[in-house]
Amino acid sequence: VSILGATGSIGESTLRVIAEHPQRFAIAALTAQRNAEKLIALARQFRPTAVAIGDETQLPGVRSALHPLGIAVFGGATGIAEAACIPADITVAAIVGAAGLIPTMRAIEQGASVALANKEALVCAGRLVMEACATHGTRLLPIDSEHNAIFQVLAAEHRAAVEKITLTASGGPLLRRPLATFASVTPEEAVNHPRWSMGAKISVDSATMMNKGLELIEAHYLFDLPASRIEVLVHPQSIIHSLVHYADGSVLAQLGMPDMAIPIAYTLSWPERMAVTTPRLNLAEIGALQFEPLEAARFPALGLARAALNAGESHLIALNAANEIAVAAFLEGRIGFTQMAEVVERVLAETPTTSIGSIEDVLAVDESARQSSHTRIAAATLA
């Protein structure tokens, strides 16, 4: 197993699952962007073939610590891409943001399985990713709990019989907060998710519901369904992770406690299932499951994602880039909570429809949208 993004929340959960089965798994490569101390500790524990640290200023320290153990050490963005090429049976792609796109593509090109937790790879380059999987015979296994749930339900079914799918959303930390107070939401409030323990960026995306917009785009590519056949339903308990509606009126769902170890374990052991230590679901204890429609006025990000999907690939790239820059600005206190969606909307409005034929095209549109986002934020006005 190789883990791209080993020090993040998905990487940690993956290593927790692997640690329960030391005879079944060995680590090929581990990567991190800047947390060198944690990467060194994980390398000492799991003894991978190679590691990569994205922050090149920390490369000498990592090399000094790990070379005596016979572990190869790479640095920078090219080093992370090199680590993605280390032979492995399965690569867990868990780098957050567009930075994970090239390493994920490198892993796909190796022709083994890729367990995908990097939303942006499919959002920014979904068609290219799926074409590369077909070319290299790579199986893409979704880690996101919603897509993993659909994958589990669809495993033994004919996709032609699928009428639609429903992605469930917890609603995040602001579900019951008065909409009139959204402009004053602080970063601390936005990252305080009631159900899931995640990194800051993903937690903010959950609060805005942009994460569900990104997941809708992912589902479009993973399951070859138009946006009109992908619905979103608020389910605060996060017990039902997605539903698949069939042509005969049947609705199948995957249920489980909100713990990422469950979908991770499924991707690592697929097509089998293996034991993993997680909280067990007790429906009698929970008592009731709630569902409600998503309010478009409360969560405009989902509508922006649908519009971008309909507008074309360059708009999907711009959506992701603008959101990444806006979230970073919000977390740094430079813009307010509601301004994130405004930044994304304005950047999308000025994004031209261009042909995307390569990863280089993706990166060019991504850079342009980031510059546009920075300009809007720096101007301190969205007029």
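Colleague: Which strands does helix H4 lie across, and how do you know its direction?
Modeller: Helix H4 (residues 76-83) lies across S2, strand S3 (50-53) and S4, with heavy atoms within 4.5 Å counting as contact. H4 runs at about 135° to S4, on a scale from 0 to 180 degrees between N-to-C directions, with axes fitted to C-alpha atoms, for helices over the stretch in contact. This is a predicted model, where local features need pLDDT of at least 70, side-chain atom pairs count only at pLDDT 80 or more, and totals for chains, interfaces and linings use all residues. Residues are numbered from 1 along each chain as its sequence is written, and side-chain values use heavy atoms, leaving out hydrogens and water.

Colleague: Which residues of H4 are buried?
Modeller: Gly76, Gly79, Ile80, Ala81 and Ala83 are buried, that is, under 20% relative accessible area, against over 50% for exposed and partly exposed in between (1.4 Å probe, protein chains only). The buried residues of H4 pack against S2, S3, S4 and helix H5 (101-108).

Colleague: In what order do the strands of the open sheet stand?
Modeller: Seven strands follow the order S4-S3-S2-S1-S5-S6-S7, with parallel pairing. Strand S4 (72-75) and strand S7 (140-142) are at the edges because each has a single partner strand, which leaves one side of each without a neighbour in the sheet. On average, neighbouring strands of this sheet are turned by 15° against each other, direction ignored.

Colleague: How do you know that S1 and S2 pair?
Modeller: Pairing takes at least two bridges found by DSSP, and three join strand S1 (residues 2-4) to strand S2 (residues 29-32), so the two strands qualify. Ser2 has Ala29 in S2 as its bridge partner.

Colleague: Why does the length of H14 agree with that of a helix?
Modeller: The expected span is 1.5 Å times one less than the number of residues. Helix H14 (residues 313-331) has 19 residues and should span 27 Å; its end C-alpha atoms are 27 Å apart, so the values agree. Of those 19 residues, 16 are buried, and H14 is mostly covered. Just after H14, Gly333 has a positive phi of about 80°.

Colleague: Is Ala378 buried or exposed?
Modeller: Ala378, in helix H16 (residues 359-378), has 65% relative accessibility and therefore counts as exposed. Its C-alpha atom is separated by 25 Å from that of Ala180, 198 residues apart along the chain.

Terms used:
Helices (H or I, at least four residues) and strands (E, at least two) are DSSP runs, numbered from the N terminus.
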